[in-house]
Amino acid sequence: MNKNTSLDKTQQILRQLRDNFLEELPERCDTIEDSILSLGNGADDEHFQRLYREVHSLKGSAGTHGIPAISTICHQLEDSLTTAQETITHKPERIDLYLRYLDLIHHCIEIAHDKRPNYAEIDQALEAIRRHSSPHPLNGLIVENSPAMTALYQGALADQPVQLAVEQDGMVALNRLLHERFDLLIMGAEIRTLNGPGVLYALRAANGINRDIKVILVSSSQRQSFVPSLAPDVLVPRGPEMIPSLTGAVAEIARQARD
Amino acid sequence: MSNNELQRILFIEDEADIQAVAQVALEAVGGFTVKICSSGEEALQAGEAFAPQLILSDVMMPGMDGPATLLALRQLPTLADTPAIFMTAKVQPQEVAQLRTAGAMAVIAKPFDPMTLAQQIKDVWRQHHA
């Protein structure tokens with residue numbers, strides 16, 4: 001058997017495994033739904049951990065089978081579960097929120113069966129859920145190596161109308177930016193795996209959902225140069241003026257979004 | 001074939017569908033011999049007899065998680081020094097650092113690409129033995 005035939009056969013097996021995954025997915029969704037409903041009835045921490053693991057596993061499986069839309073839904077559901085767990089609240093509206101994510105997974109299963117699956121409406125629905133469930137009109141992502149700097153940004157922006165997620169690794173952040181909608185990216189220039197300009201160039205060059213979002217780059221270099229069409233919207237130098245500059249830039253972006 | 005060439009992998013993963021995809025990725029694409037265990041307990045029972053050159057383990061599993069499983073496997077004389085790689089969907093630097101402290105020579109991010117997983121492992125193996 002030559003190499004191409006062997007690869008074709010491997011691809012065929014992988015396609016079959018993906019089909020099996022899709023076939024069994026409604027049953028996995030039923031299990032998750034039962035766990036969510038039990039959570040609403042005051043289930044204990046062990047129950048919560050089981051639900052979290054189910055969602056986390058589904059996120060990994062869907063990505064491995066080449067269905068990133070389901071991974072993105074699970075990612076947001078995981079974030080919602082984590083937030084609720086931190087505040088120990090699974091109020092009825094939170095349960096409704098979890099079930100809305102689950103409905104979207106069911107919808108993804110239908111789309112995945114199409115010959116040319118198009119998940120654009122899933123992206124829109126996820127964005128609508130996020131806007132509905134968040135008290136903040138803007139969704140921002142901080143990408144920064146240093147936990148101390150991240151805490152500094154979060155503290156400074158606490159009064160701004162932005163909900164902030166955090167990543168510390170450039171590649172992980174880029175992957176998230178390609179699949180999850182954000183309004184604003186605040187990024188250190190010196191981050192791991194892929195540096196800030198690298199993430200920025202890839203984001204602008206890729207024809208993704210966040211291609212045109214506002215980007216604030218925080219850099220210790222005073223003489224950072226960029227390809228003009230790929231430059232950040234705001235360059236904030238590290239130093240004594242960093243926090244006022246960052247806060248001012250975010251306030252201005254929020255104002256523009258509001259107007 | 002050199003003595004350092006990687007052939008035998010003990011793969012620990014509780015999810016059946018990930019097991020199936022990884023089996024294709026490691027055996028059909030990578031040409032490895034793979035023993036799959038669905039839990040840390042199963043790995044402890046089957047690990048020594050299989051005599052793996054590499055332990056490849058999921059992190060988040062019910063019962064014994066990946067780091068706990070590796071810690072237990074390390075107590076078995078023949079697996080005390082066997083190189084290990086963790087696979088996880090949580091790839092934050094501090095979590096990766098914790099997994100390395102727990103004895104992993106590398107951490108591979110989930111979801112993995114079935115067509116490139118074997119090469120990723122070969123690259124880590126080569127670096128480890130350079």
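These questions and answers go through some helix packing, a sheet, a chain contact and a domain contact in a predicted model.

Me: Why are helix 2 and helix 3 of chain B called roughly parallel to each other?
Reply: Helix 2 (residues 40–50) of chain B and helix 3 (residues 66–73) of chain B pack at an angle of about 25°, and their axes are 9 Å apart. Angles under 35 degrees count as roughly parallel. The two helices of chain B are therefore roughly parallel.

Me: Which residues meet where helix 2 of chain B touches helix 3 of chain B?
Reply: Helix 2 of chain B brings B:G40, B:A43, B:L44 and B:G47, and helix 3 of chain B brings B:A68, B:T69, B:A72 and B:L73. Sorted by class, the residues of this contact are five nonpolar, three polar and no charged. Gly is counted among the polar residues, and B:G40 and B:G47 are two of the residues in the contact.

Me: Is the crossing of helix 2 and helix 3 of chain B left-handed or right-handed?
Reply: Helix 2 of chain B passes helix 3 of chain B in a right-handed crossing.

Me: Which residues form the contact of helix 6 with helix 9 in chain A?
Reply: A:L152, A:Y153 and A:A156 of helix 6 meet A:I243, A:L246 and A:T247 of helix 9. Five residues of this contact are nonpolar, one is polar and none is charged.

Me: What makes strand 2 and strand 5 of chain B the edge strands?
Reply: In chain B, five strands form an open sheet with parallel pairing, in the order 2-1-3-4-5. Strand 2 (33–37) and strand 5 (106–109) each pair on one side only. On average, neighbouring strands are turned by 20° against each other, with direction ignored.

Me: How do you know that strand 1 and strand 3 of chain B pair?
Reply: Two strands pair if there are at least two bridges between them. Strand 1 (residues 8–12) and strand 3 (residues 54–58) of chain B have four bridges, in the parallel sense. B:L10, for example, has B:I55 of strand 3 as its bridge partner. Helix 3 of chain B packs on the sheet and touches strand 1, strand 3 and strand 4 (84–88); its direction makes about 150° with that of strand 3.

Me: How many residues does each chain give to the contact between chain B and chain A?
Reply: The contact takes 18 residues from chain B and 18 residues from chain A. On the side of chain B, helix 1 (residues 16–29) supplies the largest share, seven residues. That side has 14 nonpolar residues, one polar and three charged.

Me: Where do domain 1 and domain 2 lie in chain A?
Reply: Domain 1 covers 3–133 and domain 2 covers 138–258 of chain A. Their centres are 28 Å apart, taken over C-alpha atoms. Six residues of domain 1 are in contact with five residues of domain 2. Helix 3 (68–86) and helix 5 (120–133) of chain A each supply at least two residues of the domain 1 side. By class, that side has one nonpolar, two polar and three charged residues.

Key:
Residues numbered from 1 in each chain as written. Chains lettered and ligands numbered in written order. Predicted model: local features only at pLDDT ≥ 70, side-chain atom pairs only at ≥ 80, totals over all residues. Axes fitted to C-alpha atoms, helices over the stretch in contact; angles between N-to-C directions. Parallel < 35°, antiparallel > 145°, perpendicular 65-115°, else oblique. Left-handed = near helix turned anticlockwise from the far one by under 90°. Contact = placed C-beta atoms within 7 Å. Domains from an automatic or database assignment.
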